[in-house]
Amino acid sequence: MNEILDVLHREFVYIWYYFDVQLRQIFWYWVFGIILGSCVSVFLKDRIHGVLKKMSASRMGLLGIVPASLLGIASPLCMYGTIPLAASFSRSGMRDEWLASFMMCSILLNPQLIVYSTALGTTALAVRIVSCFFCGIAAGLLIRFLGRGKPFFHFDGFDEPKSRDTDPNLLFRLVKNIGRNIKVTGPYFLLGIFLSALFQRYVPQDLMTRFFGGNEAFGVLMAATIGVPLYACGGGTIPLLQAWLQDGMSMGSAAAFMITGPSTKITNLGALKIVLGMKHFLCYVLFVMIFSLMTGLAVNLL
């Protein structure tokens, strides 16, 4: 019995060591991400969305997918907040290709996740931002040239979302937003660190190199595939990605994971299924998998 307790204690110490090291490494990135995301949500969200709404009256044509993609990256809303907003844009006359670019980038990235991703290094951060932007561009182009002018989205029944940042005192409004942010992301952040600690303790480093290292297409495909069931929260996957990259995961495999993860997160899929319908929903999933695979291969070649 004493031997079993000694083993359990030793394993606990190892896991706590890995947990503590990773927590110290990325904790402040999480804090800064929370603060930045809340500041954008409280002070800039309406302005960002106002710019996008004004675009519906412009004559930018296909070029509108560029600012729509950039504004999608800047938007702090989750997918369930983005869809009602996109519905209001659609009713104001915004083109479907612009909406596709905005929604695609909004799914993949936001200011808070950008800060989180700096913990992965400048290369991974650049890959994440650039791949997100081009994914939005690609989505808009596909809707424009393959949609044949038919409506792609079905926004019936969606009203513009009501803001929760309504406190007349700006400081209290910001504090409340930060509190909600911590409540939503905190558990996933700690879970991600715990899973990373388990991974570092029990998964051999050469196994990661064998499956996800090098320039092999198989590794990129594997990373794209595991992003589908594993991704639950952007902040929660940062510790895992950091550990994987340190243990030999190629940057292309990481890029594929960072695309399929948020775009196939179960909550995002549930919302998208409503507005796309089954046929377009399946096209969306196929697009995500193909784009993530091509992006991963391209990143490894570069």
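Let's start with Gln242. Gln242 sits in helix H10, residues 234-246. Helices here are DSSP runs of H or I with at least four residues, strands are runs of E with at least two, and both are numbered from the N terminus.

A word on the source. This is a predicted model: local features need pLDDT of at least 70, side-chain atom pairs count only at pLDDT 80 or more, and totals for chains, interfaces and linings use all residues. Residues are numbered from 1 along each chain as its sequence is written, and side-chain values use heavy atoms, with hydrogens and water left out.

Back to Gln242. Is Gln242 buried or exposed? Gln242 counts as buried, because its relative accessibility is 9%. Buried means under 20% relative accessible area, exposed means over 50%, and partly exposed lies in between, with a 1.4 Å probe and protein chains only.

What does Gln242 touch? Leaving out residues up to four places away in sequence, Gln242 touches Gln22, Gln25, Ile26, Ala119 and Leu120. Contact means heavy atoms within 4.5 Å. Take Ala119. Its backbone oxygen lies 3.3 Å from a polar atom of the Gln242 side chain.

Now the whole chain. It has 12 helices and zero strands. Of its 302 residues, 50% count as buried. Look at contacts between residues at least 6 apart in sequence: 84% of them join residues at least 24 apart.

Next, helix H2, residues 65-74. Its buried residues are Ile65, Ala68, Ser69, Leu71, Gly72 and Ile73. They pack against helix H1 (2-55), helix H4 (96-108), helix H5 (111-117) and H6.

That brings us to H6, residues 122-146. Leu141 lies in this helix. Leu141 is partly exposed, because its relative accessible area is 32%. Leu141 also belongs to a nonpolar surface patch with Leu142, Phe145 and Leu146. Together they have about 390 Å² of accessible area. Areas come from the Shrake-Rupley method with a 1.4 Å probe; for residues, only the protein chains shown count as cover. Patch residues have over 30% relative accessible area and no salt bridge; like charges are joined within 9 Å, nonpolar side chains (Val, Leu, Ile, Met, Phe, Trp, Tyr) within 5 Å. A salt bridge is a side-chain nitrogen of Lys or Arg within 4 Å of a carboxyl oxygen of Asp or Glu.

Last, cysteines. Cys39 is partly exposed at 25% relative accessibility. Cys283 is partly exposed too, at 42%. How many disulfides are there? The count is zero, taking a disulfide as a pair of cysteine sulfur atoms within 2.5 Å.

Technical notes: A polar contact is a pair of N or O atoms within 3.5 Å; within protein, one must be able to donate a hydrogen and the other to accept it, and residues adjacent in sequence count only if both atoms are side-chain atoms.
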